[in-house]
Amino acid sequence: MAKNIGILTSGGDCPGLNAAIRAVGKAAQDAFGMRVIGFLNGFRGLVQDQTMELESRMLSGILTDGGTILGTSRDKPHRMKVGGKECDMTGAIVDTYHRHQLEALVCLGGGGTQKNALRLHEAGLHILTLPKTIDNDIALTDLSFGFDTAVGIATEAIDRLHSTATSHNRIILVEVMGHRAGWLALEAGVAGGADIILIPEIPYDLVQVAKAIRERSRKGKHFSIVVVAEGAMSREDAKYVGKLVSQKEKARGKIGRKKISEELQRFHDGHVGHTIHLTRKLEELTQQESRLTILGHLQRGGTPSAADRVLATRLGTKCAECLENGRYGVMLAVQGDDIVPVPLEKVVKQKKLVPANHALIHSARLVGTHFGD
Ligand code: F6P
């Protein structure tokens, strides 16, 4: 009997998801004779049993499409909003899985999805995952699909902003995505020749940023491009967040931890759009006209790059092979030239952040890029 395979996309969308769905689906059906059922809108589709039969014709012509034909959401199985209340819907998901007589469920997503997938694996389901995120911050994989496309989009934006910054002798700040990890800001910043790159991993000193810009002016460069990851923070803010995080680690009891988590959440909510404040401050300190461009969801839209299509195809076909061999509870990861299965428990233990001594930071510093430190 043909194996029934479920597949879903969860978390923020990104270019390459359709290429991955196509790869898993085509290989599973055509090479291994499986039946593939798509679940809609992330884990919610499993709870509500919303499906789409992914037969051959559904998988044709989607390689180059952005977004995901399955739809996505940030719903978590164990904390899903139902009728205005947060409920643990793991049981309903397990029921749907068995009702469809699934052999396995493939989850395509970022860091949050890996954690949710692990919970379902621990609930006894056969789970396989693929890494997608424009943030490139999933542990144990060198790359996630979506990242290369986003770097391309952000780099093109920086290139375009260069000419207008030069013409007006302005400082232009470019906010790119990346709450906790600065990979996108770092790579797009280096590719676009940014003068200053601010990332969450290197807390910045505003005075030093302004000094670097004034120094450029003194050398006759009357414009500056500052690439800022959305999660970049001043030293003061980073100290405050660090204090809360260590208090949370030491806190005894659920209530104490919850209070600190809420405080952290309030900080992060308030930090959204901090680049507006940063732009004003830099104008004040340098006396140079400053403007801000927030790239936002542009970075997640549109057609995937060639590299992301290739990566999604490699990951998706390897996933189909794991389905055939009954290898579950793992994420397919890129490690060097290989695609390897890594246990989900290991993936969720950490986030992949930019190390302060990363070779690309070193190279960037050597060509005169400032990191605000
Ligand atoms: O996790 C990927 C990501 O694009 C982050 O870089 C960004 O902070 C976040 O998603 C935005 O999420 P949403 O689309 O839910 O606003």
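Q: Let's start with Arg-216: buried or exposed?
A: Arg-216 is buried, because its relative accessible area is 14% and anything under 20% counts as buried. Keep in mind that this is a predicted model.

Q: Ok, and which helix is Arg-216 in?
A: Arg-216 is in helix H8, which runs over residues 206–218.

Q: What does the side chain of Arg-216 make a polar contact with?
A: With the side chain of Ser-224, at 2.8 Å.

Q: Which residues lie nearest the centre of the second largest pocket?
A: Arg-216 is one of them, and the others are Asp-195, Val-367, Gly-368 and Thr-369. The whole lining has 16 residues.

Q: How much space lies in that second largest pocket?
A: About 310 Å³.

Q: And which helices each supply at least two residues of its lining?
A: Helix H7 (183–191) and helix H8 (206–218). The largest share comes from H8, with three residues.

Q: How far apart are Leu-206 and Gly-372?
A: In sequence they are 166 residues apart, but in space their C-alpha atoms are 7.0 Å apart.

Q: New topic: the ligand. Which residues surround it?
A: The ligand has Arg-74, Ile-134, Asp-135, Met-177, Gly-178, His-179, Glu-230, His-297 and Arg-300 around it. By class, that shell splits into two nonpolar, three polar and four charged residues.

Q: How far is the side chain of Arg-74 from a ligand oxygen?
A: An N or O atom in the Arg-74 side chain is 2.8 Å from an oxygen atom of the ligand. His-297 also has a polar side-chain atom 2.8 Å from a ligand oxygen. For Glu-230, a polar side-chain atom is 2.4 Å from an oxygen of the ligand.

Q: And how much of the ligand's accessible area does the protein cover?
A: On its own the ligand has 400 Å² of accessible area, and the protein covers 72% of that.

Q: Where is Leu-140, then?
A: Leu-140 is in the loop between strand E7 (127–131) and helix H6 (147–168). Its relative accessible area is 31%, so Leu-140 is partly exposed.

Q: And what's the phi of Gln-287?
A: Gln-287 isn't a glycine either, and its phi is positive at about 60 degrees. You'll find Gln-287 in the loop between helix H11 (274–286) and strand E11 (290–294).

Q: Is Gln-287 buried or exposed?
A: Gln-287 counts as exposed, because its relative accessibility is 69% and the cut-off is over 50%.

Q: Last one: what about Gln-114, buried or exposed?
A: Gln-114 has 1% relative accessibility, so it counts as buried. Gln-114 lies in helix H5, residues 111–122, and its side chain makes a polar contact with the side chain of Thr-129 at 2.6 Å.

Terms used:
Residues are numbered from 1 along each chain as its sequence is written. This is a predicted model: local features need pLDDT of at least 70, side-chain atom pairs count only at pLDDT 80 or more; totals for chains, interfaces and linings use all residues. Side-chain values use heavy atoms; hydrogens and water are left out. On a 1 Å grid over the protein atoms alone, a cavity is a set of points where a 1.4 Å probe fits but cannot get out, and a pocket is an open set with protein on both sides within 12 Å along at least five of seven lines; lining residues have an atom within 4 Å of a point. Grid points are joined across faces, edges and corners, and a volume is the space filled by probe spheres set on the points. Helices (H or I, at least four residues) and strands (E, at least two) are DSSP runs, numbered from the N terminus. A residue is near a molecule or strand if one of its heavy atoms lies within 4 Å of it. A polar contact is a pair of N or O atoms within 3.5 Å; within protein, one must be able to donate a hydrogen and the other to accept it, and residues adjacent in sequence count only if both atoms are side-chain atoms. Accessible areas come from the Shrake-Rupley method with a 1.4 Å probe; for residues, only the protein chains shown count as cover. Ala, Val, Leu, Ile, Met, Phe, Trp, Tyr, Cys and Pro count as nonpolar, Asp, Glu, Lys and Arg as charged, and the others, Gly among them, as polar. Buried means under 20% relative accessible area, exposed over 50%, partly exposed in between (1.4 Å probe, protein chains only).
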